[in-house]
Amino acid sequence: MATTADAEPGSATADTAATDSAAATGHTETAEAKAGDLVERTAAAIRTWIITGTARPGERLSEKSVAETLAVSRNTLREAFRVLTYENLLVRRPHAGVMVAVPTLASILDIYRVRRMVEGQALRDALPGHPATAIMRDAVETAERARDAQDWRAAGTANMEFHRGIVALCDSEHLDRLYATVSAELRLAFGLLANPEYLHAPYVARNARILEMTLSGDSAAAAAELDDYLVQSERTVAAAYSRRTPPESA
């Protein structure tokens, strides 16, 4: 009796075996792709918690609780944790588990360096009618409503969205993905300030000015306004970091 291995090339048995093998490979690749997509969606959900201030610096993330909330397996969650640890958004502590990262002063300065390079160039090259200006406009309006309601956490989230809109002016998926991580790290830095109103209130009006300049086609003025804005914001966050109480020795 001929086996698959004995079948001659071109025979019905060989063709069937080849088809079955290709199908099995295809199923495996599809399953791996779906698993990868689920890990990324899980990581994106946790990243959003950080960007919106739901997960705060130093907070412990219970594997059981997070897996139940996101309706994913623990294996998927562990892979997502690994992704976010690589992005410096989470840290794993011995005997403590996974925690939201607390940014260092060096990482804060580096975040602002990246922001000046990416956002400044985005504004300098911006076209007044670019679709991303709609993201910026919606973010300004949301921030103004949050300011009037004294909801500074919502104002901070709207601020993150405004700057996402600036980066979207570049029409680059790579920069969009990069900025998602930068935004999350930035929100962790913002979490160091005890008074969110002090951080966010001045920038609601400044974001509106940048939007107005961009819409009017004065891209150079918008970029200059942003540069001054980022210098002030960096100083505020760096000063807050320096005032932090050092952790007690173990």
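Residues are numbered from 1 along each chain as its sequence is written, and side-chain values use heavy atoms, with hydrogens and water left out. Since the model is predicted, local features need pLDDT of at least 70 and side-chain atom pairs count only at pLDDT 80 or more, while totals for chains, interfaces and linings use all residues.

**Confidence**

The pLDDT is the predictor's confidence in each residue, from 0 to 100. The protein chain averages 86, and 84% of the residues score at least 70. Helices (H or I, at least four residues) and strands (E, at least two) are DSSP runs, numbered from the N terminus. Confidence in the protein chain is lowest in helix α1 (residues 12–51), with a mean of 70, and highest in helix α5 (residues 132–148), at 98. Residues 1–5 have pLDDT below 50, and beyond near neighbours in sequence this stretch has two contacts in the model, a contact meaning heavy atoms within 4.5 Å. Where pLDDT is low, the predicted coordinates should not be read in detail.

**Salt bridges**

A salt bridge is a side-chain nitrogen of Lys or Arg within 4 Å of a carboxyl oxygen of Asp or Glu. The count under this rule is 14.

| Pair | N to O distance |
|---|---|
| R116 and E234 | 3.2 Å |
| E161 and R164 | 2.6 Å |
| R206 and E225 | 2.9 Å |

For accessibility, buried means under 20% relative accessible area, exposed over 50%, and partly exposed in between (1.4 Å probe, protein chains only).

R116 and E234 form a salt bridge that links distant parts of the chain: R116 is in helix α4 (residues 105–124) and E234 in helix α9 (residues 219–242), 118 residues apart. R116 is partly exposed at 26% relative accessibility, whereas E234 is buried at 15%.

E161 and R164 both belong to helix α6 (residues 152–168); because they are three residues apart there, about one helical turn separates them. E161 has a relative accessible area of 31% and is partly exposed; R164, at 39%, is also partly exposed.

The salt bridge between R206 and E225 joins helix α8 (residues 196–215), which holds R206, to helix α9, which holds E225, so parts 19 residues apart in sequence are tied together. R206 is buried at 8% relative accessibility, and E225 is buried at 14%. These two residues belong to a network of salt bridges that links R206, R209, E225 and D228.

**Pockets**

On a 1 Å grid over the protein atoms alone, a pocket is an open set of points where a 1.4 Å probe fits, with protein on both sides within 12 Å along at least five of seven lines; lining residues have an atom within 4 Å of a point. Grid points are joined across faces, edges and corners, and a volume is the space filled by probe spheres set on the points.

The largest pocket holds about 370 Å³ of space. Its lining has 17 residues, with I51, E161, R164, A180 and S183 nearest the centre. Helices α1, α6 and α7 (173–190) each give two or more residues to this lining, and α6 gives the most, seven.

The second largest pocket has a volume of about 240 Å³. Of its 14 lining residues, N88, V91, A101, V102 and P103 lie nearest the centre. Here β2 (90–93), β3 (97–100) and α7 give two or more residues, and β2 gives the most, with three.
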